[in-house]
Amino acid sequence: ADEHPWEGADEPRAGKRLSAREIAILERIVQGDSNKHVARFFSIAEPTVKAHVKAILTKIGASNRTQAAIWALNNRLFSDAEGKPYHLPILLDDARG
C-alpha cells in the first residue's frame with residue numbers, strides 16, 4: 001500500500017485534508033465528469049478545476065484522475081455508515097448488475 005497510497009484505506013485521514021470544494025470536485029471525477037463538465041457544473045473556470053484536481057492528486061498521492069477515483073471509493077468518501085454509496089447513481093447501477 002505504500003507504493004500506491006491511492007489504493008488502500010490505510011490513510012483515511014487524507015480525506016480530511018481535502019477542502020469541501022475538492023471533495024465536491026472529486027465526487028464529480030468519480031462520476032466520470034471531465035474538467036470542462038466540472039467547471040460548468042460549479043460555474044467556475046476550467047483552469048480553476050485543473051488547479052483543484054492537481055491539489056487533490058497531490059494531497060492523496062495519486063498520479064491521475066482514475067487513481068483519485070479509486071482512492072475515493074476505497075476510502076468510502078461517498079458512502080454512508082453502512083458502506084452504501086450515495087449521490088452516485090452510476091455506482092448503484094453497477095451494484096445491482
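**Entry 1: the core.** I looked up the largest nonpolar core, which has 19 residues, and found that Ile25, Leu26 and Ile60 touch the most other members. I took a nonpolar core to be a set of buried Ala, Val, Leu, Ile, Met, Phe, Trp, Tyr and Cys residues joined through side-chain atoms within 4.5 Å. Buried means under 20% relative accessible area, exposed over 50% and partly exposed in between, with a 1.4 Å probe and protein chains only. The model is predicted: local features need pLDDT of at least 70, side-chain atom pairs count only at pLDDT 80 or more, and totals for chains, interfaces and linings use all residues. Residues are numbered from 1 along each chain as its sequence is written, and side-chain values use heavy atoms, without hydrogens and water.

**Entry 2: contributors.** I noted that helices H1 (20-30), H2 (35-42), H3 (46-60) and H4 (65-74) each give two or more residues to this core. H3 gives the most, with five residues. Helices (H or I, at least four residues) are DSSP runs, numbered from the N terminus.

**Entry 3: helix H1.** I listed the buried residues of H1 as Glu22, Ile25, Leu26, Glu27, Arg28, Ile29 and Val30. Their cover includes H2, H3 and H4. Setting aside neighbours within four places in sequence, I found Leu26 in contact (heavy atoms within 4.5 Å) with residues including Leu18, Ile56, Trp71 and Phe78. After H1 comes Gly32, with a positive phi near 95°.

**Entry 4: Asn75.** I located Asn75 in the loop between H4 and helix H5 (89-96). Asn75 counts as buried because its relative accessibility is 14%. A polar atom of the Asn75 side chain lies 2.9 Å from the backbone oxygen of Trp71.

Methods
Polar contact = N/O pair within 3.5 Å; in protein donor to acceptor, adjacent residues only side chain to side chain.
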